Amino acid sequence: MQQTQTRSVYNAAVFRQVIEKILLYVVLCLVAVVTIFPFVWVFFTSLKGPNDPIVSVPPQLIPQDPTLANYVRVWNQLPVWRFYLNSVIVTLSVVVLNTLFTALAAYPLAKMKFRGRDAIFYLLLATYIVPPVLTSIPSFVLAVNVFRYYDKLPAVIFPYLAGVLNIFLLRQAFKSVPDDLLDAGRMDGASELRIWWNILMPIIRPTLATVAIITFVEQWNNFFWPSLMLHTRENMTLQVGLVALQGAFANDARGIAAGVVMTVIPIIIFFSALQQQFVRGLTGAVKG
Amino acid sequence: MTKKLSLTPYLFLIPALLVIAVFVLYPIVAVVYYSFTDYSISTPPEWVGLKNYQQLMKDPIFWQALSHSLIYLIVTPTLIFLSILLAIVVNRKLPGIHAFRALFFIPAISGSIAVGIAWRLMLDTNGIINGTLLSLGILKEPIQWLAEPAYTLPIAMMLTTWLGVGYYMMVFLAGLQNIPEELYDAALIDGCNVWQKHRHVSIPGLRPQITFVAVISSLAALQVFNEIFTLTGGLGGILNSGVTIVFYLWRQAFRLNHAGFASAIAMVLLVITLAFSIMNIRILERGTEAD
(Lines give C-alpha, C1' and ligand atoms only; values in the text may rest on other atoms or scores of the structure.)
Protein backbone atom coordinates (compact mmCIF):
# COMPACT_ATOMS: atom_id res chain seq x y z
CA MET A 1 0.00 0.00 0.00
CA GLN A 2 2.66 2.40 1.18
CA GLN A 3 4.81 1.44 -1.76
CA THR A 4 2.15 1.97 -4.41
CA GLN A 5 1.41 5.37 -2.96
CA THR A 6 5.05 6.50 -3.18
CA ARG A 7 5.10 5.08 -6.64
CA SER A 8 2.09 7.02 -7.77
CA VAL A 9 3.50 10.22 -6.22
CA TYR A 10 6.73 9.53 -8.07
CA ASN A 11 4.86 8.85 -11.30
CA ALA A 12 2.89 12.06 -10.92
CA ALA A 13 6.14 14.00 -10.45
CA VAL A 14 7.68 12.42 -13.54
CA PHE A 15 4.49 13.09 -15.46
CA ARG A 16 4.52 16.74 -14.41
CA GLN A 17 8.14 17.09 -15.45
CA VAL A 18 7.44 15.60 -18.85
CA ILE A 19 4.44 17.90 -19.37
CA GLU A 20 6.52 20.88 -18.26
CA LYS A 21 9.28 19.99 -20.69
CA ILE A 22 6.82 19.58 -23.55
CA LEU A 23 5.32 22.97 -22.73
CA LEU A 24 8.76 24.57 -22.64
CA TYR A 25 9.60 23.12 -26.04
CA VAL A 26 6.27 24.32 -27.42
CA VAL A 27 7.07 27.85 -26.23
CA LEU A 28 10.62 27.62 -27.61
CA CYS A 29 9.41 26.38 -30.99
CA LEU A 30 6.74 29.08 -31.24
CA VAL A 31 9.26 31.82 -30.52
CA ALA A 32 11.69 30.18 -32.95
CA VAL A 33 9.06 30.22 -35.70
CA VAL A 34 8.24 33.88 -35.09
CA THR A 35 11.95 34.71 -35.06
CA ILE A 36 13.02 32.76 -38.08
CA PHE A 37 9.95 32.89 -40.31
CA PRO A 38 10.68 36.27 -41.97
CA PHE A 39 14.15 35.01 -42.93
CA VAL A 40 12.83 31.71 -44.28
CA TRP A 41 10.05 33.44 -46.18
CA VAL A 42 12.35 36.04 -47.71
CA PHE A 43 14.81 33.29 -48.69
CA PHE A 44 12.15 31.20 -50.45
CA THR A 45 10.65 34.28 -52.11
CA SER A 46 14.06 35.20 -53.51
CA LEU A 47 14.18 31.79 -55.21
CA LYS A 48 10.70 31.94 -56.71
CA GLY A 49 10.45 31.68 -60.48
CA PRO A 50 8.03 33.66 -62.65
CA ASN A 51 5.40 30.90 -62.32
CA ASP A 52 5.51 30.84 -58.52
CA PRO A 53 2.91 33.22 -57.14
CA ILE A 54 3.92 35.81 -54.53
CA VAL A 55 0.25 36.54 -53.95
CA SER A 56 -2.11 33.64 -53.43
CA VAL A 57 -4.70 32.31 -51.01
CA PRO A 58 -3.63 29.99 -49.49
CA PRO A 59 -0.10 31.38 -49.70
CA GLN A 60 2.66 29.34 -51.27
CA LEU A 61 5.89 29.30 -49.28
CA ILE A 62 8.21 26.91 -51.11
CA PRO A 63 8.95 27.67 -54.77
CA GLN A 64 7.83 24.97 -57.27
CA ASP A 65 10.02 26.47 -59.94
CA PRO A 66 13.18 27.57 -58.05
CA THR A 67 15.61 29.83 -59.85
CA LEU A 68 18.59 32.07 -59.21
CA ALA A 69 17.36 34.50 -61.87
CA ASN A 70 16.29 37.07 -59.26
CA TYR A 71 19.83 37.25 -57.91
CA VAL A 72 21.26 37.57 -61.42
CA ARG A 73 18.78 40.35 -62.25
CA VAL A 74 19.63 42.32 -59.12
CA TRP A 75 23.34 41.71 -59.57
CA ASN A 76 23.22 42.95 -63.18
CA GLN A 77 21.12 46.02 -62.55
CA LEU A 78 22.89 47.31 -59.46
CA PRO A 79 26.60 47.37 -58.59
CA VAL A 80 26.04 44.89 -55.75
CA TRP A 81 29.69 43.85 -55.60
CA ARG A 82 30.56 47.51 -55.00
CA PHE A 83 28.05 47.61 -52.12
CA TYR A 84 29.86 44.63 -50.59
CA LEU A 85 33.30 46.07 -51.22
CA ASN A 86 32.32 49.46 -49.76
CA SER A 87 30.72 47.88 -46.69
CA VAL A 88 33.83 45.76 -46.11
CA ILE A 89 36.16 48.75 -46.53
CA VAL A 90 34.11 50.96 -44.21
CA THR A 91 33.51 48.31 -41.55
CA LEU A 92 37.11 47.09 -41.45
CA SER A 93 38.64 50.57 -41.37
CA VAL A 94 36.33 51.65 -38.58
CA VAL A 95 36.78 48.47 -36.52
CA VAL A 96 40.60 48.59 -36.73
CA LEU A 97 41.12 52.33 -36.26
CA ASN A 98 38.35 52.84 -33.71
CA THR A 99 39.64 49.98 -31.54
CA LEU A 100 43.18 51.34 -31.80
CA PHE A 101 42.27 54.97 -31.03
CA THR A 102 39.93 54.15 -28.16
CA ALA A 103 42.47 51.72 -26.67
CA LEU A 104 45.09 54.48 -26.82
CA ALA A 105 42.75 56.94 -25.12
CA ALA A 106 41.60 54.48 -22.48
CA TYR A 107 45.13 53.77 -21.20
CA PRO A 108 45.93 57.18 -19.63
CA LEU A 109 42.33 57.49 -18.39
CA ALA A 110 42.77 54.22 -16.51
CA LYS A 111 46.39 54.20 -15.43
CA MET A 112 47.91 57.69 -15.40
CA LYS A 113 47.50 60.72 -13.18
CA PHE A 114 47.48 63.99 -15.08
CA ARG A 115 45.86 67.39 -15.06
CA GLY A 116 42.35 67.38 -16.54
CA ARG A 117 41.85 63.62 -16.41
CA ASP A 118 38.56 63.76 -14.53
CA ALA A 119 37.35 66.69 -16.62
CA ILE A 120 38.04 64.78 -19.84
CA PHE A 121 36.41 61.67 -18.45
CA TYR A 122 33.20 63.45 -17.43
CA LEU A 123 33.09 65.35 -20.71
CA LEU A 124 33.21 62.02 -22.55
CA LEU A 125 30.57 60.59 -20.23
CA ALA A 126 28.29 63.54 -21.01
CA THR A 127 28.64 63.09 -24.78
CA TYR A 128 27.54 59.47 -24.47
CA ILE A 129 23.87 60.41 -24.05
CA VAL A 130 23.84 62.87 -26.94
CA PRO A 131 21.65 61.36 -29.66
CA PRO A 132 23.69 60.73 -32.83
CA VAL A 133 20.94 62.33 -34.94
CA LEU A 134 21.54 65.59 -33.15
CA THR A 135 25.01 65.90 -34.60
CA SER A 136 23.92 64.97 -38.12
CA ILE A 137 23.06 68.51 -39.28
CA PRO A 138 26.42 70.14 -38.40
CA SER A 139 28.23 66.98 -39.54
CA PHE A 140 26.47 67.29 -42.88
CA VAL A 141 27.63 70.91 -43.18
CA LEU A 142 31.18 69.83 -42.31
CA ALA A 143 31.08 67.06 -44.91
CA VAL A 144 29.96 69.41 -47.67
CA ASN A 145 31.85 72.60 -46.82
CA VAL A 146 34.93 71.63 -44.84
CA PHE A 147 36.01 68.05 -45.49
CA ARG A 148 34.50 67.92 -48.99
CA TYR A 149 33.93 64.17 -48.72
CA TYR A 150 30.19 64.24 -49.41
CA ASP A 151 29.27 61.13 -51.44
CA LYS A 152 32.67 59.56 -50.74
CA LEU A 153 33.53 56.67 -48.43
CA PRO A 154 35.67 58.69 -45.97
CA ALA A 155 32.44 60.52 -45.07
CA VAL A 156 31.12 57.36 -43.40
CA ILE A 157 34.48 56.36 -41.87
CA PHE A 158 35.90 59.45 -40.16
CA PRO A 159 33.01 60.26 -37.81
CA TYR A 160 33.21 56.75 -36.33
CA LEU A 161 36.92 56.56 -35.54
CA ALA A 162 36.29 56.93 -31.80
CA GLY A 163 33.40 55.88 -29.62
CA VAL A 164 32.74 56.81 -26.03
CA LEU A 165 31.31 53.42 -25.07
CA ASN A 166 34.45 51.71 -26.39
CA ILE A 167 36.67 54.05 -24.35
CA PHE A 168 34.70 53.16 -21.20
CA LEU A 169 34.88 49.43 -21.80
CA LEU A 170 38.61 49.51 -22.47
CA ARG A 171 39.29 51.86 -19.54
CA GLN A 172 37.50 49.39 -17.29
CA ALA A 173 39.64 46.55 -18.66
CA PHE A 174 42.92 48.47 -18.24
CA LYS A 175 41.96 49.34 -14.67
CA SER A 176 41.76 45.66 -13.74
CA VAL A 177 45.38 45.07 -14.80
CA PRO A 178 47.66 45.16 -11.71
CA ASP A 179 49.99 48.19 -11.52
CA ASP A 180 52.94 45.89 -10.70
CA LEU A 181 53.01 44.71 -14.31
CA LEU A 182 53.33 48.28 -15.57
CA ASP A 183 55.98 49.12 -12.98
CA ALA A 184 57.97 46.07 -14.04
CA GLY A 185 57.84 47.30 -17.60
CA ARG A 186 58.91 50.80 -16.57
CA MET A 187 61.84 49.37 -14.56
CA ASP A 188 63.01 47.64 -17.74
CA GLY A 189 63.02 51.05 -19.37
CA ALA A 190 60.10 50.41 -21.72
CA SER A 191 58.31 53.48 -23.09
CA GLU A 192 54.64 54.01 -22.23
CA LEU A 193 53.75 53.10 -25.81
CA ARG A 194 55.64 49.80 -25.50
CA ILE A 195 53.99 49.07 -22.16
CA TRP A 196 50.59 49.74 -23.72
CA TRP A 197 51.20 47.59 -26.78
CA ASN A 198 53.36 44.76 -25.38
CA ILE A 199 52.01 44.35 -21.85
CA LEU A 200 48.47 45.74 -21.65
CA MET A 201 46.97 45.00 -25.05
CA PRO A 202 47.59 41.22 -24.89
CA ILE A 203 46.04 41.04 -21.40
CA ILE A 204 42.84 42.83 -22.35
CA ARG A 205 42.32 40.86 -25.56
CA PRO A 206 38.79 39.67 -24.56
CA THR A 207 37.66 43.29 -24.13
CA LEU A 208 39.29 44.22 -27.43
CA ALA A 209 37.22 41.46 -29.04
CA THR A 210 34.08 42.83 -27.37
CA VAL A 211 34.80 46.32 -28.66
CA ALA A 212 35.61 45.05 -32.15
CA ILE A 213 32.40 43.01 -32.36
CA ILE A 214 30.15 45.83 -31.09
CA THR A 215 31.75 48.18 -33.61
CA PHE A 216 31.52 45.62 -36.40
CA VAL A 217 27.79 44.96 -35.99
CA GLU A 218 27.08 48.68 -35.58
CA GLN A 219 28.98 49.63 -38.71
CA TRP A 220 27.80 46.79 -40.91
CA ASN A 221 24.19 47.77 -40.14
CA ASN A 222 24.75 51.53 -40.04
CA PHE A 223 22.20 53.33 -42.15
CA PHE A 224 21.16 56.82 -41.05
CA TRP A 225 24.39 58.71 -41.66
CA PRO A 226 25.54 56.68 -44.71
CA SER A 227 22.14 57.28 -46.32
CA LEU A 228 22.69 61.03 -45.93
CA MET A 229 26.18 60.90 -47.38
CA LEU A 230 26.25 58.29 -50.16
CA HIS A 231 24.22 58.95 -53.30
CA THR A 232 26.17 57.61 -56.25
CA ARG A 233 25.36 53.89 -56.50
CA GLU A 234 29.00 52.91 -56.88
CA ASN A 235 29.74 54.55 -53.52
CA MET A 236 26.92 53.00 -51.51
CA THR A 237 27.30 50.55 -48.64
CA LEU A 238 25.07 47.47 -48.47
CA GLN A 239 22.35 49.00 -46.29
CA VAL A 240 22.09 52.14 -48.40
CA GLY A 241 22.27 50.06 -51.56
CA LEU A 242 19.45 47.84 -50.32
CA VAL A 243 17.15 50.84 -49.96
CA ALA A 244 18.15 51.98 -53.48
CA LEU A 245 17.38 48.45 -54.67
CA GLN A 246 13.98 48.58 -52.99
CA GLY A 247 13.25 51.73 -54.98
CA ALA A 248 14.55 50.32 -58.29
CA PHE A 249 12.62 47.05 -57.90
CA ALA A 250 9.48 48.62 -56.41
CA ASN A 251 7.10 46.08 -58.01
CA ASP A 252 9.44 43.11 -57.91
CA ALA A 253 9.10 41.35 -54.55
CA ARG A 254 11.41 38.52 -55.76
CA GLY A 255 14.18 41.00 -56.57
CA ILE A 256 13.82 42.86 -53.27
CA ALA A 257 13.85 39.52 -51.43
CA ALA A 258 17.08 38.58 -53.22
CA GLY A 259 18.57 41.91 -52.11
CA VAL A 260 17.54 41.32 -48.50
CA VAL A 261 19.11 37.84 -48.54
CA MET A 262 22.35 39.18 -50.02
CA THR A 263 22.52 41.85 -47.30
CA VAL A 264 21.79 39.55 -44.39
CA ILE A 265 23.75 36.42 -45.41
CA PRO A 266 27.31 37.64 -44.67
CA ILE A 267 26.55 38.72 -41.11
CA ILE A 268 24.55 35.58 -40.36
CA ILE A 269 27.43 33.40 -41.59
CA PHE A 270 29.86 35.46 -39.56
CA PHE A 271 27.62 35.14 -36.52
CA SER A 272 27.25 31.37 -36.92
CA ALA A 273 31.02 30.99 -37.06
CA LEU A 274 31.71 33.18 -34.03
CA GLN A 275 28.50 32.71 -32.01
CA GLN A 276 30.06 32.63 -28.55
CA GLN A 277 32.22 35.69 -29.21
CA PHE A 278 29.27 37.60 -30.66
CA VAL A 279 26.99 36.95 -27.73
CA ARG A 280 29.71 37.58 -25.16
CA GLY A 281 30.82 40.70 -27.01
CA LEU A 282 27.44 42.28 -27.53
CA THR A 283 26.16 41.55 -24.05
CA GLY A 284 29.58 42.19 -22.47
CA ALA A 285 28.89 45.93 -22.53
CA VAL A 286 26.42 45.52 -19.66
CA LYS A 287 29.02 44.87 -17.01
CA GLY A 288 30.86 47.90 -18.43
CA MET B 1 61.93 63.22 -17.59
CA THR B 2 58.99 64.60 -15.64
CA LYS B 3 58.18 66.88 -18.55
CA LYS B 4 58.07 63.97 -20.96
CA LEU B 5 55.88 61.98 -18.63
CA SER B 6 53.41 64.81 -18.25
CA LEU B 7 52.94 65.12 -22.00
CA THR B 8 52.49 61.38 -22.60
CA PRO B 9 48.84 60.99 -21.46
CA TYR B 10 47.72 63.75 -23.78
CA LEU B 11 49.48 62.16 -26.73
CA PHE B 12 47.59 58.93 -26.06
CA LEU B 13 44.32 60.83 -25.90
CA ILE B 14 44.76 63.01 -28.96
CA PRO B 15 43.43 60.78 -31.79
CA ALA B 16 40.20 59.84 -30.02
CA LEU B 17 39.61 63.28 -28.54
CA LEU B 18 40.15 64.91 -31.93
CA VAL B 19 37.48 62.68 -33.50
CA ILE B 20 35.04 63.30 -30.65
CA ALA B 21 35.72 67.05 -30.66
CA VAL B 22 35.08 67.36 -34.40
CA PHE B 23 32.15 64.97 -34.73
CA VAL B 24 30.37 65.31 -31.38
CA LEU B 25 31.42 68.40 -29.40
CA TYR B 26 31.56 70.89 -32.25
CA PRO B 27 28.22 69.69 -33.72
CA ILE B 28 26.48 70.12 -30.35
CA VAL B 29 27.60 73.75 -30.18
CA ALA B 30 26.77 74.29 -33.86
CA VAL B 31 23.29 72.80 -33.59
CA VAL B 32 22.45 75.15 -30.71
CA TYR B 33 23.51 78.08 -32.90
CA TYR B 34 21.66 76.79 -35.99
CA SER B 35 18.46 76.47 -33.97
CA PHE B 36 18.39 80.27 -33.72
CA THR B 37 18.94 80.79 -37.45
CA ASP B 38 17.18 80.50 -40.74
CA TYR B 39 19.40 77.96 -42.46
CA SER B 40 19.14 75.75 -45.52
CA ILE B 41 22.76 74.42 -45.63
CA SER B 42 23.32 75.83 -49.15
CA THR B 43 22.99 79.45 -47.97
CA PRO B 44 24.73 80.87 -44.87
CA PRO B 45 22.72 80.83 -41.62
CA GLU B 46 20.82 84.01 -40.77
CA TRP B 47 20.04 84.89 -37.12
CA VAL B 48 16.31 84.87 -36.43
CA GLY B 49 16.24 84.59 -32.64
CA LEU B 50 13.47 82.39 -31.27
CA LYS B 51 11.49 82.19 -34.51
CA ASN B 52 12.14 78.46 -35.05
CA TYR B 53 11.03 77.63 -31.51
CA GLN B 54 7.87 79.74 -31.83
CA GLN B 55 7.09 78.05 -35.13
CA LEU B 56 7.74 74.66 -33.51
CA MET B 57 5.27 75.34 -30.69
CA LYS B 58 2.57 76.14 -33.28
CA ASP B 59 3.38 73.17 -35.50
CA PRO B 60 0.75 70.41 -35.09
CA ILE B 61 2.99 67.82 -36.81
CA PHE B 62 5.72 68.47 -34.26
CA TRP B 63 3.31 67.77 -31.40
CA GLN B 64 2.09 64.69 -33.21
CA ALA B 65 5.68 63.51 -33.67
CA LEU B 66 6.45 64.17 -30.01
CA SER B 67 3.43 62.20 -28.83
CA HIS B 68 4.35 59.35 -31.19
CA SER B 69 7.85 59.23 -29.73
CA LEU B 70 6.45 59.10 -26.20
CA ILE B 71 3.95 56.39 -27.18
CA TYR B 72 6.88 54.49 -28.67
CA LEU B 73 8.34 54.15 -25.16
CA ILE B 74 5.80 51.37 -24.55
CA VAL B 75 8.35 49.10 -26.27
CA THR B 76 10.61 49.40 -23.21
CA PRO B 77 8.40 47.64 -20.61
CA THR B 78 7.25 45.22 -23.33
CA LEU B 79 10.83 44.32 -24.17
CA ILE B 80 11.81 43.95 -20.53
CA PHE B 81 8.86 41.69 -19.79
CA LEU B 82 9.20 39.47 -22.85
CA SER B 83 12.95 39.14 -22.70
CA ILE B 84 13.02 38.25 -18.99
CA LEU B 85 10.35 35.63 -19.66
CA LEU B 86 12.35 34.22 -22.55
CA ALA B 87 15.59 34.35 -20.55
CA ILE B 88 13.98 32.29 -17.79
CA VAL B 89 12.88 29.71 -20.37
CA VAL B 90 16.27 29.45 -22.11
CA ASN B 91 18.05 29.33 -18.75
CA ARG B 92 16.73 25.77 -18.34
CA LYS B 93 19.22 23.02 -19.07
CA LEU B 94 17.40 21.33 -21.92
CA PRO B 95 18.82 19.45 -24.91
CA GLY B 96 19.27 21.82 -27.85
CA ILE B 97 18.85 24.95 -25.75
CA HIS B 98 22.05 26.51 -27.12
CA ALA B 99 20.66 26.30 -30.65
CA PHE B 100 17.49 28.10 -29.54
CA ARG B 101 19.48 30.83 -27.81
CA ALA B 102 21.58 31.43 -30.93
CA LEU B 103 18.49 31.42 -33.13
CA PHE B 104 16.71 34.02 -30.99
CA PHE B 105 19.76 36.26 -31.23
CA ILE B 106 19.73 36.45 -35.04
CA PRO B 107 17.41 39.49 -35.44
CA ALA B 108 19.76 41.51 -33.21
CA ILE B 109 22.63 41.17 -35.68
CA SER B 110 20.78 41.14 -38.98
CA GLY B 111 20.14 44.87 -39.15
CA SER B 112 16.88 46.80 -39.03
CA ILE B 113 16.95 47.91 -42.68
CA ALA B 114 17.02 44.46 -44.28
CA VAL B 115 14.58 43.06 -41.75
CA GLY B 116 12.28 46.09 -42.02
CA ILE B 117 12.13 45.66 -45.79
CA ALA B 118 11.33 41.96 -45.37
CA TRP B 119 8.49 42.77 -42.94
CA ARG B 120 7.19 45.42 -45.31
CA LEU B 121 6.91 42.80 -48.07
CA MET B 122 5.15 40.39 -45.71
CA LEU B 123 2.72 43.05 -44.50
CA ASP B 124 1.80 44.13 -48.03
CA THR B 125 -1.95 44.07 -48.70
CA ASN B 126 -1.27 41.11 -50.99
CA GLY B 127 1.45 39.74 -48.74
CA ILE B 128 1.86 36.48 -46.88
CA ILE B 129 0.37 37.73 -43.61
CA ASN B 130 -2.96 38.66 -45.18
CA GLY B 131 -2.79 35.53 -47.33
CA THR B 132 -2.37 33.31 -44.27
CA LEU B 133 -5.05 35.04 -42.23
CA LEU B 134 -7.49 34.89 -45.18
CA SER B 135 -6.90 31.22 -45.87
CA LEU B 136 -7.31 30.37 -42.17
CA GLY B 137 -10.60 32.24 -42.23
CA ILE B 138 -9.47 34.67 -39.52
CA LEU B 139 -9.99 37.56 -41.93
CA LYS B 140 -12.75 38.01 -44.48
CA GLU B 141 -11.14 41.01 -46.18
CA PRO B 142 -7.43 41.78 -46.50
CA ILE B 143 -6.22 44.43 -44.02
CA GLN B 144 -4.23 47.36 -45.36
CA TRP B 145 -1.59 46.97 -42.66
CA LEU B 146 0.68 49.73 -43.93
CA ALA B 147 -1.95 52.09 -45.31
CA GLU B 148 -4.08 52.29 -42.18
CA PRO B 149 -2.84 55.21 -40.01
CA ALA B 150 -3.91 53.53 -36.77
CA TYR B 151 -1.61 50.56 -37.46
CA THR B 152 1.61 52.34 -38.48
CA LEU B 153 2.98 52.98 -35.01
CA PRO B 154 1.93 49.65 -33.44
CA ILE B 155 3.48 47.75 -36.36
CA ALA B 156 6.73 49.70 -36.07
CA MET B 157 6.75 49.04 -32.31
CA MET B 158 6.20 45.35 -32.91
CA LEU B 159 9.13 45.35 -35.32
CA THR B 160 11.34 47.10 -32.74
CA THR B 161 10.30 44.53 -30.14
CA TRP B 162 10.92 41.65 -32.54
CA LEU B 163 14.36 43.04 -33.37
CA GLY B 164 15.38 43.57 -29.74
CA VAL B 165 13.93 40.72 -27.74
CA GLY B 166 16.68 38.18 -28.50
CA TYR B 167 19.45 40.60 -27.63
CA TYR B 168 17.91 41.66 -24.33
CA MET B 169 17.14 38.00 -23.57
CA MET B 170 20.90 37.33 -23.72
CA VAL B 171 21.53 40.27 -21.39
CA PHE B 172 19.05 38.89 -18.85
CA LEU B 173 20.33 35.33 -19.33
CA ALA B 174 23.84 36.48 -18.38
CA GLY B 175 22.27 38.13 -15.31
CA LEU B 176 20.32 35.00 -14.34
CA GLN B 177 23.44 32.87 -14.57
CA ASN B 178 25.12 35.16 -12.04
CA ILE B 179 22.41 34.55 -9.44
CA PRO B 180 23.73 32.01 -6.90
CA GLU B 181 21.91 28.67 -7.02
CA GLU B 182 21.58 28.71 -3.20
CA LEU B 183 19.08 31.58 -3.39
CA TYR B 184 16.76 29.39 -5.47
CA ASP B 185 17.27 26.47 -3.07
CA ALA B 186 16.37 28.75 -0.17
CA ALA B 187 13.25 29.89 -1.98
CA LEU B 188 12.31 26.25 -2.57
CA ILE B 189 12.76 25.43 1.11
CA ASP B 190 10.62 28.46 1.99
CA GLY B 191 7.89 26.84 -0.10
CA CYS B 192 7.93 29.28 -3.02
CA ASN B 193 6.17 28.17 -6.18
CA VAL B 194 7.64 28.85 -9.63
CA TRP B 195 6.15 32.35 -9.90
CA GLN B 196 7.16 33.35 -6.36
CA LYS B 197 10.64 32.00 -6.99
CA HIS B 198 11.16 34.30 -9.98
CA ARG B 199 9.32 37.19 -8.36
CA HIS B 200 11.50 37.11 -5.22
CA VAL B 201 14.81 35.80 -6.53
CA SER B 202 15.18 36.34 -10.28
CA ILE B 203 13.70 39.83 -10.59
CA PRO B 204 15.68 41.40 -7.70
CA GLY B 205 18.80 39.60 -8.94
CA LEU B 206 18.32 41.08 -12.40
CA ARG B 207 18.07 44.67 -11.21
CA PRO B 208 21.32 45.89 -12.87
CA GLN B 209 20.28 44.31 -16.17
CA ILE B 210 16.76 45.74 -15.91
CA THR B 211 18.22 49.22 -15.41
CA PHE B 212 20.59 48.75 -18.32
CA VAL B 213 17.85 47.54 -20.65
CA ALA B 214 15.48 50.28 -19.49
CA VAL B 215 18.05 52.98 -20.25
CA ILE B 216 19.30 51.55 -23.54
CA SER B 217 15.93 50.57 -24.97
CA SER B 218 14.15 53.79 -23.98
CA LEU B 219 16.90 55.92 -25.51
CA ALA B 220 16.69 53.76 -28.64
CA ALA B 221 12.89 54.11 -28.66
CA LEU B 222 13.12 57.90 -28.44
CA GLN B 223 15.47 57.82 -31.41
CA VAL B 224 13.68 55.28 -33.60
CA PHE B 225 14.14 55.90 -37.30
CA ASN B 226 15.02 52.81 -39.37
CA GLU B 227 11.81 50.90 -38.60
CA ILE B 228 9.65 53.90 -39.54
CA PHE B 229 11.76 54.58 -42.61
CA THR B 230 11.54 51.05 -44.03
CA LEU B 231 7.92 50.34 -43.12
CA THR B 232 6.63 53.60 -44.59
CA GLY B 233 9.04 53.67 -47.53
CA GLY B 234 10.64 56.88 -46.22
CA LEU B 235 7.33 58.77 -46.20
CA GLY B 236 6.40 58.60 -42.54
CA GLY B 237 3.05 56.89 -43.05
CA ILE B 238 -0.34 58.18 -44.12
CA LEU B 239 -1.33 61.41 -42.31
CA ASN B 240 2.09 61.40 -40.62
CA SER B 241 0.90 58.41 -38.60
CA GLY B 242 4.44 57.08 -38.23
CA VAL B 243 6.30 60.36 -37.85
CA THR B 244 8.43 60.34 -34.70
CA ILE B 245 10.62 63.15 -33.48
CA VAL B 246 13.75 61.85 -35.19
CA PHE B 247 11.89 61.11 -38.39
CA TYR B 248 10.47 64.66 -38.38
CA LEU B 249 13.94 66.08 -37.75
CA TRP B 250 15.30 64.07 -40.68
CA ARG B 251 12.50 65.17 -42.98
CA GLN B 252 12.83 68.84 -42.06
CA ALA B 253 16.63 68.87 -42.32
CA PHE B 254 17.35 66.58 -45.24
CA ARG B 255 14.14 66.41 -47.29
CA LEU B 256 12.74 69.93 -46.89
CA ASN B 257 16.07 71.66 -46.38
CA HIS B 258 14.99 73.45 -43.18
CA ALA B 259 18.20 72.91 -41.24
CA GLY B 260 17.53 75.75 -38.80
CA PHE B 261 14.05 74.53 -37.92
CA ALA B 262 15.33 70.94 -37.69
CA SER B 263 18.03 72.11 -35.27
CA ALA B 264 15.29 73.43 -32.98
CA ILE B 265 13.70 69.96 -33.12
CA ALA B 266 17.12 68.52 -32.27
CA MET B 267 17.28 70.74 -29.18
CA VAL B 268 13.91 69.43 -28.00
CA LEU B 269 15.17 65.88 -28.54
CA LEU B 270 18.29 66.70 -26.51
CA VAL B 271 16.25 68.08 -23.61
CA ILE B 272 13.97 65.02 -23.59
CA THR B 273 16.95 62.66 -23.75
CA LEU B 274 18.70 64.45 -20.89
CA ALA B 275 15.54 64.45 -18.78
CA PHE B 276 15.13 60.76 -19.45
CA SER B 277 18.72 59.89 -18.63
CA ILE B 278 18.56 61.84 -15.35
CA MET B 279 15.29 60.12 -14.47
CA ASN B 280 16.79 56.73 -15.28
CA ILE B 281 19.89 57.41 -13.18
CA ARG B 282 17.68 58.58 -10.26
CA ILE B 283 15.70 55.36 -10.44
CA LEU B 284 18.92 53.39 -10.61
CA GLU B 285 20.31 55.13 -7.52
CA ARG B 286 17.11 54.59 -5.58
CA GLY B 287 17.25 50.93 -6.59
CA THR B 288 20.77 50.41 -5.27
CA GLU B 289 20.03 52.28 -2.04
CA ALA B 290 17.14 49.93 -1.37
CA ASP B 291 19.43 46.92 -1.58
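## Ground rules

Angles under 35 degrees count as roughly parallel, over 145 as roughly antiparallel, 65 to 115 as roughly perpendicular and the rest as oblique. Such angles run from 0 to 180 degrees between N-to-C directions, with axes being lines fitted to C-alpha atoms, for helices over the stretch in contact. Helices (H or I, at least four residues) are DSSP runs numbered from the N terminus, as are strands (E, at least two).

The model is predicted: local features need pLDDT of at least 70, side-chain atom pairs count only at pLDDT 80 or more, and totals for chains, interfaces and linings use all residues. Residues are numbered from 1 along each chain as its sequence is written, while chains are lettered from A and ligands numbered from 1 in the order in which they are written.

On the α12(A) side, A:Q239, A:L242, A:V243 and A:Q246 meet B:I113, B:A114 and B:I117 of α6(B) (contact means C-beta atoms, placed from the backbone, within 7 Å). By class, the residues of this contact are five nonpolar, two polar and no charged; Ala, Val, Leu, Ile, Met, Phe, Trp, Tyr, Cys and Pro count as nonpolar, Asp, Glu, Lys and Arg as charged, and the others, Gly among them, as polar.

## How covered is α12(A)?

Eight of the eleven residues of α12(A) are buried, so the helix is mostly covered (buried means 20 or more other C-beta atoms within 10 Å of the residue's own, exposed 12 or fewer, partly exposed in between, with C-beta atoms placed from the backbone). Among them are A:L238, A:V240, A:G241 and A:L245. The buried residues pack against α2 (69–77), α3 (80–111), α11 (224–229) and α13 (253–273) of chain A, together with α6 of chain B.

## A helix pair within chain B

In chain B, the axes of α8 (residues 149–178) and α11 (residues 207–222) come within 10 Å and cross at roughly 160 degrees. α8(B) and α11(B) are therefore roughly antiparallel to each other. Their contact includes B:Y168 and B:F172 from α8(B), and B:F212 and B:V213 from α11(B). Its residues divide into seven nonpolar, five polar and no charged.

Conventions: Two residues are in contact if their C-beta atoms, placed from the backbone, lie within 7 Å.
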